[in-house]
Amino acid sequence: MKKKWLYFPVMAAFILLSGCDNPRESPGASALVLEGRTMGTFWRVSLANVDASRQEKLQKAVQSLLDSDDQELSTWKKDSVISRFNQYRGSEPQPVSDNMADIVTMALRIGQKTAGKMDITVGPLVNLWGFGPVKQPKATPTQAEIEAARALTGLRHLRVIQRSEGAYLQKDLPDLYVDLSTMGEGFATDHLARLMEKEGINNYLVSVGGAVLTRGHNAEGKAWKVAIQKPTDKENAVQALVDLQGHGISTSGSYRNYYELNGKRISHIIDPTTGEPIQHKLVSATVIATTALEADGWDTGLMVLGEEKAKALALREHLAVYLIAKQGDSFTSWMSPQFKAFILPEKP
Ligand code: FAD
């Protein structure tokens, strides 16, 4: 068996999309860059026109906010809110925060629109294939193992209940395992943006893993530029540049987070219908949406759907989508009309 992680998986999301802002390029401009780690990946906040004396306080505020999101959403932490819900064996509604209710509500909506391909209950299959907190398998899972894990999944087993006193999550399958890995980074990115607004900061680029949101302008007074990475593990080249104009962006890709088992590439994106990692030629889906949370939900759903169905859904739902597919040894790209509005004309 040959096993290969080409990159530490959570690094992958970070280099998939990266801000092209670079304060070192504009000496004298007032710019501040804060960085750190969360959710097994990196976060970054770039600010324009913010006094350096605020750096320490802002760094602490960002880290503390992300630590608290992590404590709520992480399936990698046994005592997180979502892990406790997963460990709960009953079917009584469990009280949750508005944040959690918002994420799950968005996930269920996108799940329904993608015909169940984006499925946050896919956790048992993610773990079976070795992409969650559980170790990688030493051999390809058997059909019986896949079916057993698949029997524990299904969005129909999960619901959000809104009552006057607060929000609740309810499941009707004791072993249901909710995995928010696909949307947590987007949620945290939006959360960082709200923190900046609260701090009276209007010009920022915030990112957690592969989710990014920008507002205002960079330290040079120009639009923040965000790069869409070329889908290859060999280079770090830019495929396209976008100006997000206050939106969130997220990319899901099958080309960096994978390992090889018995000569076969095993992607971290699982098709809930087959219970197996996707195999088709769509290698990345990038979505721009009002929030990074929404973008982060759609990108995975589109990846699972594959090129043709993803295009049809993007057009039907008027989504801003950029797809890259493998064609022999090269790549082809496609963008929806809504995405074109964000593309910067300059050559990367
Ligand atoms: P995306 O494409 O956005 O999502 C893919 C991920 O979603 C898969 O890896 C899988 O988990 C899940 N998934 C697969 N198929 C589907 C599907 N059909 N529908 C829905 N979801 C699917 N990683 C660590 O190594 N250590 C940690 O401590 C850690 N903590 C984390 C804490 C939180 C709160 C979150 C949200 C994630 C954490 N991660 C951790 C995971 C990691 O940082 C990334 O979120 C993960 O690798 C996927 O992000 P992505 O953007 O690469 O992929």
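A polar contact is a pair of N or O atoms within 3.5 Å; within protein, one must be able to donate a hydrogen and the other to accept it, and residues adjacent in sequence count only if both atoms are side-chain atoms. The model is predicted: local features need pLDDT of at least 70 and side-chain atom pairs count only at pLDDT 80 or more, while totals for chains, interfaces and linings use all residues. Residues are numbered from 1 along each chain as its sequence is written, and side-chain values use heavy atoms, with hydrogens and water left out.

A backbone N or O atom of M39 is placed 2.6 Å from an oxygen atom of the ligand. For I270, a backbone N or O atom lies 2.8 Å from a nitrogen atom of the ligand. The side chain of D296 has an N or O atom 3.4 Å from a ligand oxygen atom.

Helices (H or I, at least four residues) and strands (E, at least two) are DSSP runs, numbered from the N terminus. Eight strands form an open antiparallel sheet in the order β2-β3-β7-β8-β11-β16-β17-β18, where two strands pair if DSSP finds at least two bridges between them. Its edge strands, β2 (31-38) and β18 (330-335), each pair on one side only. Within the sheet, β3 (residues 41-48) and β7 (residues 204-208) are joined in the antiparallel sense over five bridges, and R44 stands opposite S207 in β7.

Helix α7 packs on this sheet, touching β3, β7 and β8 (211-215), and its direction makes about 150 degrees with that of β7. Contact means heavy atoms within 4.5 Å; axes are lines fitted to C-alpha atoms, for helices over the stretch in contact, and angles run from 0 to 180 degrees between N-to-C directions. Of the 18 residues of α7, 14 are buried (under 20% relative accessible area, with exposed over 50% and partly exposed in between; 1.4 Å probe, protein chains only). The helix is followed by G200, whose phi is positive, near 75 degrees.

T121 is located in the loop between α4 (98-113) and α5 (123-128). This residue counts as buried because its relative accessibility is 0%. A polar atom of the T121 side chain lies 2.7 Å from the backbone nitrogen of G154. Leaving aside residues up to four places away in sequence, T121 touches L152, T153, G154, L155, L158, L176 and Y177.
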